[in-house]
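The tour goes stop by stop.

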Amino acid sequence: MKSSPQSEQLKAMIKGDFGRNIINMDTVDSTNSVAMYLADKGAQHGTVVLSESQTKGKGRLGRHWESPGGMNIYMSLILRPTIKTEDATLLTVIAAVGCARAIIEAADINVGIKWPNDLMSGDKKLGGILTEIKSVSGDILFSVTGIGINVNTELEGLPSGVRPIATSVCSEAIKSGKGEAVSNIRLLRDSLISGALNEMGQWYSVTVTEGRKPLLDEWRRLTSTLGKALKVKIGEEVVTGVAEDIDEYGMLLLRLQSGGLKRISSGDVTLLQ
Ligand code: BT5
């Protein structure tokens, strides 16, 4: 584990509590693993672990997150939220909304949230979110929300299984004639990190003070999943239907061909059309 100096530019761009303390690393196994360890040792609400690369980046269900160096984002936010375990999905919703808004603001590209945790541009994956929690008797002691964003990933360098489904902020901006917006790559990375943390801080406070409706409405505005015909793999079970909505916990409500409504807490979604 090697640490890097904190960027003064980035520090100046952080407006709220999320990211006030950033632990900046050169390389780690997984920023989520480091953050879980630090949270267990008492790290404060809002602390962020940020790395230039990861050797064992984690996806959901033991999957791997490809994490090459070169100005991409691998960061994990430690929170001590006063919510119940059944509300933990809202932390992923906050991250998805915050990151999507930050990417649109910094690079002006097309971004859609694919339920439950993907940041997409068209049908390609730009980034992913992994929330882990430690809870005691139904209450969350702390949570770690990990965010991976391909900012400048050389897609040719990714394994052949991932290459066709992945994209990056820079390649999408260049493809849509917005190369100017991404020409200063360090500034772009700092804008994306600070933008995502500032947005997440704001959506977190709105959710705490006003309830979950504004957040869920913003998610509905930014998602590319609702109204689509989907196949959802839930463990060994596969169901198909039309994505009708998400409920107040962030669960997917899928209208089945039989007419019934299935509530899904997590799964792998494939668009059918
Ligand atoms: C995710 O999992 O999408 C969550 C990824 C979270 C990564 C961050 S990085 C910072 C923090 N520290 C960590 O250790 N993790 C978090 P999932 O929905 O399971 O998607 C994983 C799948 O995405 C893989 O099986 C590949 O198919 C694909 N994939 C892997 N690396 C990718 C990449 N760099 N870009 C696009 N797709 C990728």
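A polar contact here is a pair of N or O atoms within 3.5 Å; within protein, one must be able to donate a hydrogen and the other to accept it, and residues adjacent in sequence count only if both atoms are side-chain atoms. This is a predicted model, where local features need pLDDT of at least 70, side-chain atom pairs count only at pLDDT 80 or more, and totals for chains, interfaces and linings use all residues. Residues are numbered from 1 along each chain as its sequence is written, and side-chain values use heavy atoms, with hydrogens and water left out.

**Stop 1: E172**

Select E172, in helix α4 (residues 169-175). Helices (H or I, at least four residues) and strands (E, at least two) are DSSP runs, numbered from the N terminus. Show the side chains of E172 and S121: they make a polar contact at 3.4 Å. Is E172 buried or exposed? E172 is buried, because its relative accessible area is 10%; buried means under 20%, exposed over 50%, partly exposed in between (1.4 Å probe, protein chains only). Contact means heavy atoms within 4.5 Å.

**Stop 2: T225**

Next, select T225, in the loop between α6 (213-222) and β9. T225 is buried, with a relative accessible area of 0%. The T225 side chain reaches the backbone nitrogen of W115 at 2.9 Å. Beyond residues up to four places away in sequence, T225 touches I113, K114, W115, L230 and A243.

**Stop 3: helix α5**

Select residues 185-210, helix α5. Its 26 residues should span 38 Å at 1.5 Å a residue, and the end C-alpha atoms are 36 Å apart, which agrees. The expected span is 1.5 Å times one less than the number of residues. Just after α5, G211 takes a positive phi of about 95°.

**Stop 4: the largest pocket**

On a 1 Å grid over the protein atoms alone, a cavity is a set of points where a 1.4 Å probe fits but cannot get out; a pocket is an open set with protein on both sides within 12 Å along at least five of seven lines; lining residues have an atom within 4 Å of a point. Grid points are joined across faces, edges and corners, and a volume is the space filled by probe spheres set on the points.

The largest pocket holds about 940 Å³ of space. Select W65, D118, M120, K125 and I165, the closest to its centre of 48 lining residues. Elements giving at least two lining residues each include α2 (31-40), β7 (124-136) and β8 (139-149).

**Stop 5: the second largest pocket**

This one has a volume of about 430 Å³. Of its 20 lining residues, R60, P116, T131, S265 and S266 are closest to the centre. Which element gives the most to this lining? Strand β7 does, with five residues.

**Stop 6: the cavity**

Finish inside: the structure holds one cavity of 30 Å³ or more. The largest cavity has a volume of about 40 Å³. Select F18, L77, L79, L91, I94, T145, M200 and Y204, which line it. β4, α3 and α5 each supply at least two residues of this lining.
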